[in-house]
Amino acid sequence: KDGLETVTEGKLTMATNATFPPYEYYEGKKIIGIDAEVAAEIAKKLNLELEIADIEFDSIVPGVQSGKYDMGMAGMTVTPERKNSVNFSDSYATGIQKVIVTKDSKIKSLDDIKGKNIGVQTSTTGDLYATDDYGADHVKKFDSGNAAVNALKVGKVDCVIIDNEPAKAYVKANGSALKILDTDYAVEDYAICFSKDNSELQKKVNEALKELKKDGTVQKIVDKYIKA
Ligand code: GLN
């Protein structure tokens, strides 16, 4: 034994929410994406077999905290609140919260959002920041980003606040019906979370991540999914 404790011996269990292209989403029955592939490379370096559990986004932190999963990787932003519950790896990507509106929307800036209905995915940073800035009454929570975007299309909300890459994917999937405002709502760091009781795994994953960044593997995976 190498002293590396995992929930199931020999396996690295990653909790994610596979509704977040290009980081994690389904291709047929398989979960693919940047997070899935980076995690697979990390598992390889650690001599573990990667197992991905697709759960609700807001169950990831509690699931990792309780030791049900070895780590959480879901385009997850490092926040001070989450840091109270879990430990984070070094960051492996930057996320930007963006605003999606319909093509003919009167919303042109962040100021225009005041008093409007905002669609978000429950418990994401988009949800947390929008609730702080615009008030809980104006924030409509959905199970997935996709559900929020569908609500925007039928006029149930006036905009959706979500991370930039999924925003691009959702807008692209909807032809010319939607657009993304140029303004950045928030810039943040994505990282992998671990139980506070498993700093050994956190350390090992950071070492693996460092090597994978240095040898260009992380960039290669990012480039495969995000076309400049
Ligand atoms: N980056 C956002 C967050 O951490 C959204 C992540 C997600 O929806 N998977 O809250």
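This is a predicted model: local features need pLDDT of at least 70, side-chain atom pairs count only at pLDDT 80 or more; totals for chains, interfaces and linings use all residues.
Good morning. I shall begin with the overall division of the protein. Domain 1 is made of two stretches, 11-92 and 191-225, while domain 2 covers 96-187. The C-alpha centres of these two domains lie 25 Å apart. Where they touch, 10 residues of domain 1 are in contact with 12 residues of domain 2. On the side of domain 1 that touches domain 2, five residues are nonpolar, four are polar and one is charged.

Let us turn to the sheet. In which order do its five strands lie? The order is β4-β1-β5-β13-β6, in an open sheet with mixed pairing. Strands β4 (49-54) and β6 (87-88) each have a single partner strand, so they stand at the edges and one side of each is left without a neighbour in the sheet. The partner of β6 is β13, residues 193-194, and these two strands pair in the antiparallel sense over two bridges. In one of these strands, β13, Phe194 is the bridge partner of Asn87.

I now come to helix α1, residues 34-45. This helix lies across β1 (11-16) and β4, and runs at about 150° to β4.

Two packed helices are described by the angle between their axes and the distance between the axes.

Consider α8, residues 217-225. The axes of α1 and α8 come within 9 Å and cross at roughly 155°. Angles over 145 degrees count as roughly antiparallel, and α1 and α8 are therefore roughly antiparallel to each other. Their crossing is right-handed. From α1, the residues Ile34, Glu37, Val38 and Glu41 meet Thr217, Val218, Ile221, Val222 and Tyr225 of α8. Sorted by class, this contact has six nonpolar residues, one polar residue and two charged residues.

Next is α7, residues 199-214. How far apart are the axes of α1 and α7, and at what angle do these helices pack? The axes are 9 Å apart, and the angle is about 115°. That makes α1 roughly perpendicular to α7. The crossing of α1 and α7 is right-handed. Here Val38, Glu41, Ile42 and Lys45 of α1 meet Val205, Ala208, Leu209, Glu211 and Leu212 of α7. The contact of α1 with α7 has six nonpolar residues, no polar residues and three charged residues.

Thank you for your attention.

Key: Residues are numbered from 1 along each chain as its sequence is written. Two strands pair if DSSP finds at least two bridges between them. Helices (H or I, at least four residues) and strands (E, at least two) are DSSP runs, numbered from the N terminus. Two residues are in contact if their C-beta atoms, placed from the backbone, lie within 7 Å. Axes are lines fitted to C-alpha atoms, for helices over the stretch in contact, and angles run from 0 to 180 degrees between N-to-C directions. Angles under 35 degrees count as roughly parallel, over 145 as roughly antiparallel, 65 to 115 as roughly perpendicular and the rest as oblique. A crossing is left-handed if the near helix is turned anticlockwise from the far one by less than a right angle, and right-handed if clockwise. Ala, Val, Leu, Ile, Met, Phe, Trp, Tyr, Cys and Pro count as nonpolar, Asp, Glu, Lys and Arg as charged, and the others, Gly among them, as polar. Domain bounds come from an automatic or database domain assignment.
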